[in-house]
Amino acid sequence: MTQPPFETLRLDGVTRRFAGHAALAGLTLDIRRGEFIALLGPSGCGKSTALNCLAGLLPLSAGSIWQDERRLDTLPPERRGFGMVFQNYALFPHLSVRGNVAFGLQMRRLPRAEVRRRTDEAIELVRLTEHAGKLPGQLSGGQQQRVAIARAVVISPSLVLMDEPLSNLDAKLRLEMRTEIRRLHQSLGLTTVYVTHDQEEALSLADRLVVLRSGRVQQVGTPEELHTRPANPHVADFMGFRNLLHLKAEKVAGDSVVMNVEGVRLTGTAVGDVRPGDDVIAAVRPEHLVPSDEGIRCVVDVAEYQGRDMAVEARTGDGLVLHLRTTTRLAPQDPITVTAAAPNLLVYPAKDDAWPT
Ligand code: ATP
């Protein structure tokens, strides 16, 4: 009953419209067997729509889905052979843990001994053996999510789809389950597509991330690529580059761009085509704005103590707001001068047509 192995799952221009509005517009992506893919983006960007199109819960408005040479998007959900894990667990409340996990195998009319063996294995895999006889209502949120995961993987799916599976759990449990999901993905050799709006979760779990915004792909890349070199200011913003400064490029030499903030020179690194005189958006993470005597002069507005360091909001004389982090104790009204090293200051053309909106 194991699903046939595949090399590539291909989404080709997958589009879904609701009343003429494209919730997902032309998603093209090759998912290789064994990959962990995260679909990432803010609320309403089309993540769940993409997952539901893959699962067969939503028909496509355009495009197609292929597992190697086999066309999938015309098949009903149960014939795609995918396992699904949802945010709300969606367990049968009247069935025990064992009953919930066995359900998919029983539906496939497998011999009783095989159902029992595979159910026990899956329950052991998610470390719930001692709870196997309990009803979902007698379990904690984390345990219920483990049942949902066991139920998804017990059918040996060719692909596991997860829609924000950890969002109902508290912070500590979320971290534990994150490790658990990665462990299962690796040890079972699964191929996983995982939806989340949490960039940290996506970066820590996925081999590749797909960042969506308004139904369009903004960037596909490894966690490192997205973390260090977001393709446009939308992705940069989403990846924690909290400072997006609207400036002008004064000089450009290769990918080195010189800008000016209230009389202070800043040198950044161009991402894309930047020319002298262009309006640009310079992106920098709070932790990469560092104190410097020659830096931009500002005054602290808000200083929040956060244990290891302080999160500070400061304002320049012209009212430009900067977000920074520092281990120096600062209080409102304290003066501070900051700058950023060129590799940490990414400079994007500010033209609207320079990236997908
Ligand atoms: P969230 O993180 O909030 O779940 P999401 O990224 O998963 O968001 P989707 O649920 O895919 O976003 O929704 C994408 C867009 O499509 C949104 O603008 C949403 O309002 C719209 N949409 C989704 N489902 C429907 C529907 N059944 N009918 C009409 N519009 C819909």
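Start at the ligand and select S43: a polar atom in the side chain of S43 sits 2.6 Å from a ligand oxygen atom. That is a polar contact, meaning a pair of N or O atoms within 3.5 Å; within protein, one atom must be able to donate a hydrogen and the other to accept it, and residues adjacent in sequence count only if both atoms are side-chain atoms. Overall, the protein covers 55% of the 630 Å² of accessible area that the ligand has on its own. Accessible areas come from the Shrake-Rupley method with a 1.4 Å probe, and for residues only the protein chains shown count as cover.

Before moving on, note that this is a predicted model, in which local features need pLDDT of at least 70 and side-chain atom pairs count only at pLDDT 80 or more, while totals for chains, interfaces and linings use all residues. Residues are numbered from 1 along each chain as its sequence is written, and side-chain values use heavy atoms, with hydrogens and water left out.

**Stop 1: around the ligand**

A polar backbone atom of C45 is 3.1 Å from an oxygen atom of the ligand, and an N or O atom in the side chain of K47 is 2.9 Å from a ligand oxygen atom.

Which residues surround the ligand? Select F18, A23, P42, S43, G44, C45, G46, K47, S48, T49 and E164; a residue is near a molecule if one of its heavy atoms lies within 4 Å of it. This shell divides into four nonpolar, five polar and two charged residues. Here Ala, Val, Leu, Ile, Met, Phe, Trp, Tyr, Cys and Pro count as nonpolar, Asp, Glu, Lys and Arg as charged, and the others, Gly among them, as polar.

**Stop 2: helix α1**

Colour residues 47–55, which form helix α1; this helix gives the most to the shell around the ligand, with three residues. Helices (H or I, at least four residues) and strands (E, at least two) are DSSP runs, numbered from the N terminus.

Why is α1 largely enclosed by the rest of the structure? It is because eight of its nine residues are buried, where buried means under 20% relative accessible area, exposed over 50%, and partly exposed in between (1.4 Å probe, protein chains only). The buried residues of α1 are K47, T49, A50, L51, N52, C53, L54 and A55. Step just past the helix and you reach G56, with a positive phi of about 95°.

**Stop 3: T196**

Next, select T196 in strand β8 (residues 192–196). T196 is buried, with a relative accessible area of 1%. Its side chain makes a polar contact of 3.4 Å with the side chain of E201. Leaving out residues up to four places away in sequence, T196 touches L39, L40, G41, K47, E164, E201 and A202; contact means heavy atoms within 4.5 Å.

**Stop 4: helices α2 and α4**

Show residues 97–107, helix α2, where V97, G99, N100, V101, A102, G104 and L105 are buried. The cover over these buried residues includes α3 (112–125) and α4. Just after α2, R109 has a positive phi of about 55°.

Zoom in on V101. Not counting residues up to four places away in sequence, V101 touches T119, A122, I123, V147, A150, R151 and V154. V101, I181, L209 and M239 touch the most other members of the largest nonpolar core, which has 51 residues. The largest share of this core, six residues, comes from α4. A nonpolar core is a set of buried Ala, Val, Leu, Ile, Met, Phe, Trp, Tyr and Cys residues joined through side-chain atoms within 4.5 Å.

Then move to R146 in helix α4 (residues 141–153). Is R146 buried or exposed? At 13% relative accessibility, R146 counts as buried. Beyond its neighbours within four places in sequence, R146 is in contact with V126, R127, L128, M177 and E180.

**Stop 5: two serines in loops**

Most residues other than glycine have a negative phi. Select S156, in the loop between α4 and β7 (159–163): S156 has a positive phi of about 50° although it is not a glycine. S214, in the loop between β9 (208–213) and β10 (216–221), has a positive phi of about 45°. S156 is partly exposed at 25% relative accessibility, and S214 is partly exposed at 46%.

**Last stop: zoom out**

Finally, show everything: the protein has eight helices and 20 strands. Of its 357 residues, 49% count as buried.
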